[in-house]
Amino acid sequence: AKDAVRVLVTGAAGQIGYALVPMVARGVMLGPDQPVILHMLDIEPAAEALNGVKMELIDAAFPLLKDVIATTDVVEACAGVNIAVMVGGFPRKEGMERKDVMSKNVSIYKAQASALEKHAAENCKVLVVANPANTNALILKEFAPSIPEKNITCLTRLDHNRALGQISERLDIQVSDVKNVIIWGNHSSTQYPDVSHATVTSSSGEKSVRELVADDKWLKTEFITTVQQRGAAIIKARKLSSALSAASAACDHIRDWVLGTPKGTWVSMGVYSDGSYGIPPGLIYSFPVTCEKGEWSIVKGLKIDEFSRAKMDATANELMEEKSLAYSCLN
Ligand code: NAI
């Protein structure tokens, strides 16, 4: 039998946490033959609720779940973890300035970076979900210098999956027949959902999404804003933010990273920019990536037209601003 993999979920008593931990325990993240040990971290005010989640995990009698640690101690939470899914953070509350929210999250991610660096297993893979996801991941990277930058990523897979969903709804086809959309940039409303290279598999072979949709205006306006604003639309409908889709996307992200992307298919991940596509190095930016043997690599050489270029730069600019705001909070 395989050794158990230790998976940390921070903010585990929250909404996403509640949807995510059963998926991990059922093998959705790492596969149906991979035993797991869940490490769940939250803060003191949520300690009792966190313990309730632990009770439910025990009651669910998941065969793959070998142990559950529920704690408010960051060091205990990070000890020996192979995968860290960082969902905990400080939400923006009414009347709060952007800088105040940034400042709270910068200090959380700085502290958790140190704990991961000192106590996580070697080669621990980190996925930051909590917003501002790209910038929290960047702070984590800066304050965990011994964790290789290739091991620190942020979640834009939810946006990627939303884009696949919109195309499949529009064309009235199965979502599994659509592939190779791209989310460029920040997990925010400046993200650029791009279908320039996306295709649909049909009985008569692969066709481009652009050709099939045949309405460039829709692709360049409504499609983009629907994906960008989907989070807000969910909040409006549910009075709560996306949780099941976020948890599912986090599983997709880790599964593809660890087990590999299917041949001919790429996915979107927020990763440390190496300067590809003219994106400034030193930002965590969402790119199209393929994964093999536990490592992602940015898909190179895609043709970028003028429309895409402007949108990719705009979201990069927002990330540079966020980065300087985050740095100004460090002092
Ligand atoms: P939530 O408020 O229900 O849960 C957050 C949990 O984090 C709470 O239980 C809270 O006590 C905990 N927490 C706060 N500070 C912590 C700390 N220092 N250490 C450990 N835990 C801490 O929020 P929800 O809905 O679960 O969302 C979590 C985060 O994910 C938010 O930042 C949200 O904006 C973000 N998000 C990101 C998405 C993405 O695609 N990247 C999609 C949806 C949400």
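Modeller: Start with a contact list: leaving aside neighbours within four places in sequence, Ile16 is in contact with Gly11, Val87, Val129, Ala243, Ala246 and Ala247. Two residues are in contact if their C-beta atoms, placed from the backbone, lie within 7 Å. This is a predicted model, in which local features need pLDDT of at least 70, side-chain atom pairs count only at pLDDT 80 or more, and totals for chains, interfaces and linings use all residues. Residues are numbered from 1 along each chain as its sequence is written.

Colleague: Is Ile16 buried or exposed?

Modeller: A residue is buried if 20 or more other C-beta atoms lie within 10 Å of its own, exposed if 12 or fewer, and partly exposed in between. Ile16 has 25 such neighbours, so it counts as buried. Ile16 is found in helix H1; helices (H or I, at least four residues) and strands (E, at least two) are DSSP runs, numbered from the N terminus.

Colleague: What does UniProt list under "binding site"?

Modeller: The unreviewed entry lists several residues, among them Ala13, Ile16, Asp42 and Val129. UniProt positions are given in the numbering used here, feature names are shortened, and annotations may be inferred rather than shown by experiment. Ala13 is in the loop between strand E1 (5-10) and helix H1 (15-26). Ala13 is buried, because 27 other C-beta atoms lie within 10 Å. Not counting residues up to four places away in sequence, Ala13 touches Asp42, Ala46, Ala49, Leu50 and Val53.

Colleague: Which residues have the most contacts inside the largest nonpolar core?

Modeller: In soluble globular proteins, nonpolar side chains tend to be buried together. A nonpolar core is a set of buried Ala, Val, Leu, Ile, Met, Phe, Trp, Tyr and Cys residues joined through C-beta atoms within 7 Å. Here the largest has 98 residues, and those with the most contacts inside it are Leu38, Val85, Val128, Val129 and Ala250.

Colleague: How do helices H6 and H11 pack?

Modeller: Axes are lines fitted to C-alpha atoms, for helices over the stretch in contact, and angles run from 0 to 180 degrees between N-to-C directions. H6 (residues 157-171) and H11 (residues 244-259) pack at about 105°, with axes 8 Å apart. That makes H6 roughly perpendicular to H11, a class that spans 65 to 115 degrees. Arg157, Leu158 and Asn161 of H6 meet Ser245, Ala246, Ala249, Asp252 and His253 of H11.

Terms used. Angles under 35 degrees count as roughly parallel, over 145 as roughly antiparallel, 65 to 115 as roughly perpendicular and the rest as oblique.
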